[in-house]
Amino acid sequence: HGDGWEGYPQSFMHLLALVARHKPRNLYLLSGDTHLACTATIRVTAGDDTVQCWSVHTPALFGPYPFANCPPCELLTQEAFDVVDHAGAVIGRCEIDTVGTDPGEGFTLLRV
């Protein structure tokens, strides 16, 4: 029932497999699914190469319903797992570190 990546594990793994294979630089993922302001550093290692990406989550502009907003205490701030391809073969490793959680409302400004 999740509208974030947890609700679409195959799509999430497919995206990470693409990152492991193609090694894009300066990749930023933008999201608002959790209705919580935070930034995650994502490191995908495949062989001798590590690609670092960032996931920026913006809070709800107006989020009056507590059940729809992720409180910081429910967010997994550190995670590590294998990246697998469509056949189930391990092709890399993903490590995620999340910082700067803020349960407030508002918008996010990015400067690149």
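1. Relative accessible area is classed here as buried under 20%, exposed over 50% and partly exposed in between, with a 1.4 Å probe and protein chains only. By this scale Phe67 is exposed, at 74% relative accessibility.

2. The model is predicted, so local features need pLDDT of at least 70 and side-chain atom pairs pLDDT 80 or more, whereas totals for chains, interfaces and linings use all residues. Numbering runs from 1 along each chain as its sequence is written, and side-chain values use heavy atoms, without hydrogens or water.

3. Three aromatic pairs are found in a search of the whole structure. Rings of Phe, Tyr and Trp (its six-membered ring) pair if their centres lie within 6.5 Å; planes under 30 degrees apart are stacked, over 60 edge-to-face, and the rest tilted.

4. Tyr28 and Trp54 are a stacked pair, with 5.1 Å between centres and 20° between planes. Tyr28 lies in strand β1 (residues 28–31) and Trp54 in strand β3 (residues 49–57), 26 residues apart, so that the pair links distant parts of the chain; strands are DSSP runs (E, at least two residues), numbered from the N terminus. Tyr28 is partly exposed at 41%, as is Trp54 at 23%.

5. The pair of Tyr65 and Phe67 is tilted because the planes stand at 35°, with centres 5.9 Å apart. Tyr65 is exposed, at 53%.

6. Val112, in the segment after β5 (90–102), is exposed at 96%.

Terms used:
Helix = DSSP H or I, 4+ residues; strand = E, 2+ residues; numbered from the N terminus.
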